[in-house]
Structures are given as structure tokens and as C-alpha cells.
Amino acid sequence: MAIMDAIRYYSRTGNTEKLANMLADQLNVKAETIDTPITDTVDRLFLGGGVYNMSADKHLKEYAKDLDPTKVKEVYLFGTSGSVFTIEKQISKILDKKKIPIADQHLFLHGVMPKMGNISSHQQKEVTDFVKGAVTQ
Ligand SMILES: Cc1cc2nc3c(=O)[nH]c(=O)nc-3n(C[C@H](O)[C@H](O)[C@H](O)COP(=O)(O)O)c2cc1C
């Protein structure tokens with residue numbers, strides 16, 4: 001059976017959207033915003049978001065709270081931020097409570113300025129390596 005993947009993201013200024021689309025290219029699955037519900041069961045949900053005032057956006061947190069544990073087997077977190085912050089702690093805490101497993105691998109790109117989409121070629125390699133690592137797990 002083929003592995004079923006889905007990508008969902010929350011992006012205010014387009015950077016996480018850009019990263020989600022880079023992942024989409026490699027995973028051959030469409031990246032959608034968190035407004036698109038998950039209908040079929042997925043083996044791997046790639047869930048991403050930016051950091052705003054040291055926090056994940058409340059919409060993303062609500063989305064994580066509403067995820068159906070019977071439909072999502074594992075979550076791979078990803079995201080972008082200007083500094084060293086990530087959404088990892090906050091979203092992991094929510095998913096842990098729901099007993100949705102979180103993969104060890106995650107992909108967080110830093111130094112990404114609002115609206116700039118300044119993902120460097122070095123970071124593009126990180127994206128490729130992340131997908132390779134996730135796929136061969
Ligand atoms: C209102 C606002 C607040 C932000 N606060 C932080 C912050 O506290 N820490 C940080 O590392 N980056 C912060 N950033 C930078 C964003 O996390 C970064 O640009 C990210 O790539 C934005 O993702 P998005 O384009 O997907 O919305 C902030 C950006 C905005 C617009």
C-alpha cells in the first residue's frame with residue numbers, strides 16, 4: 001500500500017506557504033491551508049506554521065486541537081520563523097494530549113523575514129534532506 005501523505009499549513013505572510021509548496025513538490029501531494037479538512041485517513045500529516053509574537057497562531061492551535069486521531073497516524077511538523085522560535089513545543093503539547101504521534105524529524109527554517117520568502121539554497125537542501133529522511137524512515 002502506498003503511504004498516504006497530506007500537507008496542511010497556516011501562513012500569514014506566505015513564507016510557510018512557500019515551504020509547504022516546496023514539500024509538496026517533493027512529496028507529490030498538494031499543500032493546502034488548514035481550511036481544507038482531512039477527509040481520508042493519512043499516514044503522515046505534514047503540519048506547518050509561522051511564529052508570531054513568540055507563538056503559533058491560534059488558528060493553527062485550534063486546528064491541532066480539532067484533528068481526528070483516528071484519521072492521522074503521524075504528524076511531521078514544519079515551519080518558518082524570523083528567529084530561533086518554532087511552533088514545535090506548543091503544537092506537540094496539543095498533539096501529545098490527543099495521543100497523535102509526532103515524528104522525530106521536523107523541518108524548521110529560521111531567519112525567514114515576513115513576506116520575504118527568503119529561503120536560501122542551503123535551506124532548500126534541508127528541505128530535500130528532510131523529505132528523504134522522512135520517506136526512508
Ligand atoms: C506579526 C509577526 C510577529 C512575528 N513574531 C516573531 C517572533 O516572535 N519570533 C520569530 O522568530 N519570528 C517572528 N516573526 C517572523 C515570522 O515567524 C517569519 O517571518 C515567518 O516566516 C512568517 O511565516 P509566514 O510567512 O508563513 O506567516 C513574526 C512575524 C510577524 C508578521
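How many residues surround the ligand, and which are the closest? In this predicted model, 20 residues surround the ligand, and Ser11, Asn15, Thr16, Gly50 and Gly82 are the closest. By residue class, the shell around the ligand divides into 7 nonpolar, 11 polar and 2 charged residues. Helix H1 and strand S3 each supply at least two residues of that shell.

H1 covers residues 15-27 and belongs to a right-handed β-α-β unit, together with strands S1 and S2. S1, residues 5-10, is mostly covered, with 5 of its 6 residues buried.

The protein chain as a whole has 4 helices and 6 strands. Read from the N terminus, its elements follow the order β-α-β-β-β-α-β-α-β-α. The radius of gyration is 14 Å, close to the 14 Å that the globule rule gives for 137 residues, so the protein chain is as compact as a globular protein of that length. The C-alpha trace spans about 35 × 30 × 25 Å along its principal axes.

Of the 137 residues in the protein chain, 36% count as buried. Among the contacts between residues at least 6 apart in sequence, 77% join residues at least 24 apart.

Key:
Residues are numbered from 1 along each chain as its sequence is written. This is a predicted model: local features need pLDDT of at least 70, side-chain atom pairs count only at pLDDT 80 or more; totals for chains, interfaces and linings use all residues. A residue is buried if 20 or more other C-beta atoms lie within 10 Å of its own, exposed if 12 or fewer, and partly exposed in between; C-beta atoms are placed from the backbone. A crossover is right-handed if, with the strands pointing away from the viewer, the path from the first strand over the helix to the second runs clockwise. A residue is near a molecule or strand if its C-beta atom, placed from the backbone, lies within 6 Å of it. Ala, Val, Leu, Ile, Met, Phe, Trp, Tyr, Cys and Pro count as nonpolar, Asp, Glu, Lys and Arg as charged, and the others, Gly among them, as polar. The radius of gyration is taken over C-alpha atoms; the globule rule is 2.2 Å times the number of residues to the power 0.38. Two residues are in contact if their C-beta atoms, placed from the backbone, lie within 7 Å.
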